[in-house]
Amino acid sequence: MTDPLTAAVPAAELVRLLIASRATVATAESLTAGLLSATIAGVPGASATLRGGLIVYATDLKHTLAGVSERTLAADGPVAAGTAEQLAVGARTVCGADWGIGLTGVAGPDSQDGKDVGTVFLGIAGPESTEVLRLKLSGDRWTIRLEAVRAAVTELARSLGERSE
């Protein structure tokens with residue numbers, strides 16, 4: 001069986017790219033609850049690049065720890081593109097990193113605020129811009145969380161690769 005965390009871009013490759021770029025990363029994680037940071041930290045040498053992470057599982061912590069505006073949370077909810085964008089920017093800012101990753105979504109078993117199970121928003125805030133991807137993942141709760149981490153690792157590696165070209 002293929003490990004979902006290494007199916008696309010392995011975390012070791014991401015850490016290598018970050019170190020080669022002399023860049024740091026931080027996370028603000030809701031649905032993954034620290035799984036992304038733990039995945040990056042599991043790579044030897046990650047301490048040279050991983051600044052830290054915020055676990056913002058509760059909606060109020062998205063605001064108080066990561067700086068997501070109360071207006072965004074009230075208007076769009078905790079599972080939304082604007083929330084993921086502000087999570088990524090918040091992680092980058094609070095942790096003093098070059099890159100921030102924000103993850104929010106619905107892992108199930110039930111939908112949340114009108115969002116289907118498997119709906120995930122991934123925000124990546126870099127030195128020059130921020131992008132948000134909407135993902136539609138399938139599987140059980142654990143699989144959705146693993147696939148969200150895989151997507152985050154892959155997309156940040158892609159962003160780093162584009163900057164080095």
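Predicted model: local features only at pLDDT ≥ 70, side-chain atom pairs only at ≥ 80, totals over all residues.
**Entry 1: Ser159**

Is Ser159 buried or exposed? Its relative accessibility comes out at 7%, so I put Ser159 down as buried, the limit for that being under 20%. Ser159 belongs to helix α6. I then looked up what Ser159 touches, leaving out neighbours within four places in sequence, and found Trp99, Ile124 and Glu131.

**Entry 2: the second largest pocket**

Ser159 turned up again when I listed pocket linings: it is one of the residues that line the second largest pocket. Its three contacts, Trp99, Ile124 and Glu131, are in that lining too. The rest of the list reads Gly126, Pro127, Glu128, Ser129, Thr130, Arg158, Glu162 and Arg163.

I noted a volume of about 160 Å³ for this second largest pocket. Which element gives the largest share of its lining? That is α6, with four residues. Strand β5 (130–136) also supplies at least two, as α6 does. Sorted by class, I have five charged, four polar and three nonpolar residues in the lining of the second largest pocket.

**Entry 3: Ala157**

I stayed on α6, which covers residues 141–164, and went to Ala157. Ala157 has a relative accessible area of 7%, so it falls under the 20% limit and is buried. What does Ala157 touch, once residues up to four places away in sequence are set aside? I found Val9, Leu14 and Leu17.

I also checked Ala157 against Glu85. The two are 72 residues apart in sequence, and their C-alpha atoms are 18 Å apart in space.

**Entry 4: the largest pocket**

Next I opened the largest pocket, for which I have a volume of about 190 Å³. How many residues line the largest pocket? I count 17, and those nearest the centre are Leu31, Tyr57, Gly105, Val106 and Gln112. By class, the lining of the largest pocket has seven nonpolar, six polar and four charged residues.

**Entry 5: strands β1 and β2**

I turned to the strands and looked at how β1 (residues 25–29) sits against β2 (residues 50–55). They pair in the parallel sense, over five bridges. Which residue of β2 is the bridge partner of Val25? It is Leu50. With helix α2 (residues 35–41) included, β1 and β2 form a β-α-β unit, and I recorded it as right-handed.

Most residues other than glycine have a negative phi, and most peptide bonds are trans, so I wrote down the exceptions I came across.

Ala33 has a positive phi, near 45°. I placed Ala33 in the loop between β1 and α2. Its relative accessibility is 31%, between the 20% and 50% limits, so Ala33 is partly exposed.

Asp113 also has a positive phi, of about 50°, although it is not a glycine. Is Asp113 buried or exposed? At 57% relative accessibility Asp113 is over the 50% limit and therefore exposed. Asp113 sits in the loop between β3 and β4.

That loop, between β3 and β4 (119–125), also holds Pro109. Which residue does a cis peptide bond join to Pro109? I found Gly108 there, with omega at about 15°.

Notes
Residues numbered from 1 in each chain as written. Heavy atoms only, no water. Buried < 20%, exposed > 50% of the residue type's maximum accessible area, 1.4 Å probe, protein only. Contact = heavy atoms within 4.5 Å. 1 Å grid on protein atoms, 1.4 Å probe; cavity = no way out; pocket = protein on both sides within 12 Å on 5 of 7 lines; lining within 4 Å. Points joined across faces, edges and corners; volume = space filled by probe spheres on them. Nonpolar A, V, L, I, M, F, W, Y, C, P; charged D, E, K, R; others polar. Pairing = 2+ DSSP bridges. Right-handed = clockwise from strand over helix to strand, strands pointing away.
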